[in-house]
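Me: Please take a close look at one part of this model, the pockets. Start with one side chain, then go through the linings.

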Amino acid sequence: MIYKRIKQVREALSFSSQKDFSEDLNMPIRTYQSYEQAKVKDIPHTFLEKLNLKYNISLEWLITGEGEMFLKKNKMSNKKNYIELVNQYLEVLSHKQQEYYYHKIKSDVLELEIKENTTRT
């Protein structure tokens, strides 16, 4: 389960508390806790991308549990590679699952834009 792997990442990075890890990720503790404790059904792709970019965590390992936790070399150094990898994962899903994740990602992006616009005004 992905929430268990998120906890494994925190522990592998030697963060003894959820609070310390959430602060390092620059996110509210309650939000992070909801991910690690499986209190949310879908963890936003932006969070997974943050783990990948900041700590060099394998998206494949986060999503499927297969492979190594840490990438040997940061394959996600730019957004284009990230999008290509996400598309590869989406291709193995059913049409309904693809449609679901398309709308989920779209809503996450829209939510970020709304937050950014709200803080600017």
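Reply:

Arg10 is buried, at 5% relative accessible area (buried is under 20%, with a 1.4 Å probe and protein chains only). The model is predicted: local features need pLDDT of at least 70, side-chain atom pairs count only at pLDDT 80 or more, and totals for chains, interfaces and linings use all residues. Residues are numbered from 1 along each chain as its sequence is written, and side-chain values use heavy atoms, without hydrogens and water.

Arg10 sits in helix 1, residues 2–12 (helices are DSSP runs of H or I, at least four residues, numbered from the N terminus). Leaving out residues up to four places away in sequence, Arg10 touches Phe15, Ser16, Ser17, Gln18, Phe21, Tyr32 and Glu36 (contact means heavy atoms within 4.5 Å).

Now the pockets. A pocket is an open set of points on a 1 Å grid over the protein atoms alone, with protein on both sides within 12 Å along at least five of seven lines; lining residues have an atom within 4 Å of a point. Volume is the space filled by probe spheres set on the points.

The largest pocket holds about 750 Å³. Its lining has 28 residues, with Pro44, Thr46, Phe47, Asp108 and Leu112 nearest the centre. Helix 7 gives the largest share, nine residues.

The second largest pocket has about 630 Å³. It is lined by 25 residues; Ile2, Ile43, Leu48, Ile63 and Tyr101 are closest to its centre. Helix 1, the helix of Arg10, supplies at least two residues of this second lining.

Technical notes: Buried means under 20% relative accessible area, exposed over 50%, partly exposed in between (1.4 Å probe, protein chains only). On a 1 Å grid over the protein atoms alone, a cavity is a set of points where a 1.4 Å probe fits but cannot get out, and a pocket is an open set with protein on both sides within 12 Å along at least five of seven lines; lining residues have an atom within 4 Å of a point.
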